[in-house]
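Good morning, and thank you for joining this group meeting. I would ask everyone to look at the sequence and the structure before I comment on them.

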Amino acid sequence: MSLGYLFGGGVGTEPHGLELYRTYEVVQSWYEQVAAWTGLTVGQILEEDLPTAQEERQSVGTVREAALAIGVHDVLASFNLRPAAIGGLSLGAMTASCLAGSLGRRELFEMLASSRDTPEPSADDPQQGIAIAFSSLADGDGSHPADGAPSYPGEHVPGVHLAGDFGPTADGTKRIMMLAGHAEALGALAAEVPPGTVVPLPGRTIAVHTPLRRPYRDFMAPRIDAIPFADPEIPLLSCLEPKVLRTAADVRDLFQRNSTDPISLVDVYTGMKEQGVQLGLVMGPSIPEGILAFPFPVVHIERPEHIEQALTTAYDLGIDLSGAPVLS
Amino acid sequence: MTAATAATRADPDAQIARWLDTDLDEWTRRVVRRHFDPVTGSPYWLGQAARLDFDPRDITRHDQLGAFGPFPLDRLRVEDPADLVPLSVPRPLAGRVWDSGGTTGTPCRAFYTPDMLLHRALWRRWSFVREGFAPGRTWLQATPTGPHLIGNGVHEVSELHAGQVYAVDMDPRWVKRLIRAGRMAEVDDYTTHLLEQITDVLKQGRVHYVNTTPALFQALRRHRPELVAALDGVRLSGTQISADMYRTFTTALQGGICGLTYGNTFGNAALLDIERDGELISYVPNYPQVTMAVVDKGDPSTLVAPGTVGQVRLTVLHEDLFLPNILERDQALRHPTDHWPTDGVANVRPLQIANSSPEGLY
């Protein structure tokens, strides 16, 4: 019986982690360290309004999310809980790589902070956007029989891309996906399909995990190349394909492709299941509780009381914590 | 022991058959009217009657019990347990008050009359037989005892299943207190302390079956697999059991029985089926005194569709204890079955409430 740590993607605009910060000294000292590395204040990382410029906002938001996720990890580690497998989506994949020992924490946060220098898109560029899409599972698992790839609304609509697959909902009735692309195309699609099938997300102006993020990928490529990656110390699950990342080159490749390739939570949790994970701990609020189906029990941790819940569940399930490796 | 009780003990299967033949609506009328009888009803419910906007004695069907709304469990932390028992049960009451887990604060308390204890014991015996636990064997019960009703299983096994029982006591409140304080090393120490007592009994080779919690059995399997492999079976009570745990346990038992039960101090459900190598584990309540519904997490008056997930809603319809619509801290699949008069539940897990819309996924 072993633990898996799951890290979500996306950049929340709301303050997260205040209660954990106020409760645990290990979180306080961690945020001070992140502040020193990134040039942000603890207040900016923790709770202040995000900047308005698109790429700067994205950068500070990623620092906020990753800082909280690693803070949760550190609190659990202080109680001797450590994962036997680890993985995440998008930003969460990079956080997981860091905690798997593939790159230093400083390198991760300096990279995230440096992304604020990504050139802002031209005012003439078509506006980008994100939408959440739902497909019914009444007639199958929502995938193409030929290759198992998820089928999604707007599959052949120009300007609409599949950006993420979150898998079936907890009640087993739907499959949830993320679409991204040109905002106009997404809006038109939402108007065309049955109501509630495609829901554009207001204020999300970056077509994450699509070819439209190529400028960002190119800007970050040399910075990622400069990071000294190491082989992961524990099984690290990719969110870009069904794969366990075992080498430094694997992890570097994930970092390079992460911004333009679609992500799959199904790949992450299926891989964890194959690695023997029997309890998943979801770090931070980026994968909301109660919406998705997982192949093992999960506990979501974003507030101090969830730490107790995680410890209790680990005890109740008889999770073996004695053999987990010590992470850097 | 009354003559009726003695007869029931003499032929427990006939009693189970009578219960399963009971018309639920008729049983509901009988129990509700007993508790709301102006002279011989239970003091708690007679006190509530004036606050209700309906006359409970007008209730004719089980599906009308929703009118009571969710039962406020907090009342069971402060009420005199005797006040939940009809006055038709002779006073002064003589018997045990049992606690709920009490791992998160003040426990809820309920008085069990002899008939209630017998009901529980007969169903427990029925489960033993159905799961393949042979009578006349030697058991080790390593569970909470003291205020916890599960500890009464020692007597139930010995009296109704002709078993010889060793016992090891565990204190779940102490374990959870240590966990709350983050004192995980001491949790390990306590587990070791329990395992030492368990292995001291098991290593003599006289025990056929163990009754314990999934967590403790997992620890035993990890530390002394040869002792687990030598057992003829285990019966697990208490917290959740996942498909992975079930498979791990059956592998470790090497052909031994792995029996399961779901429930708590107020009502229990017996294992119905284990399908797809543990991917579907279903239970049926101890009918008619216990019924379970799976309801919408946001609207406990509405059943979810068969096969879908919702919150477990427990109704206790003992002649001597009426607790309608207890909302459990568990979720499960609604599991209707042709093999039972009411719905069963399957794949029980701790309750998860969606704290965001799907739009919060990224």
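What we have before us is a predicted model. In chain A, there are 11 helices and 11 strands. The radius of gyration of this chain is 19 Å, close to the 20 Å given by the globule rule for 328 residues, so chain A is as compact as a globular protein of that length. The C-alpha trace of chain A spans about 55 × 45 × 35 Å along its principal axes.

Let me turn to the interior and the surface. Of the 328 residues in chain A, 62% are buried. Among contacts in chain A between residues at least 6 apart in sequence, 73% join residues that are at least 24 apart. The accessible surface of chain A is about 12,300 Å², and carbon and sulfur atoms account for 51% of that area.

As for charge, chain A carries 20 positive side chains and 41 negative ones. The centres of these two sets lie 3 Å apart.

I close with the cysteines. Is A:Cys98 buried or exposed? At 2% relative accessibility, A:Cys98 counts as buried. In chain B, B:Cys108 is buried as well, with a relative accessible area of 3%.

Note on methods. Residues numbered from 1 in each chain as written. Chains lettered and ligands numbered in written order. Predicted model: local features only at pLDDT ≥ 70, side-chain atom pairs only at ≥ 80, totals over all residues. Heavy atoms only, no water. Helix = DSSP H or I, 4+ residues; strand = E, 2+ residues; numbered from the N terminus. Rg over C-alpha atoms; globule rule 2.2 N^0.38 Å. Buried < 20%, exposed > 50% of the residue type's maximum accessible area, 1.4 Å probe, protein only. Contact = heavy atoms within 4.5 Å. Areas by Shrake-Rupley, 256 points an atom, 1.4 Å probe, with all protein chains shown as cover. Lys, Arg positive; Asp, Glu negative; His and termini not counted. Charge placed at Lys NZ, Arg CZ, Asp CG, Glu CD.
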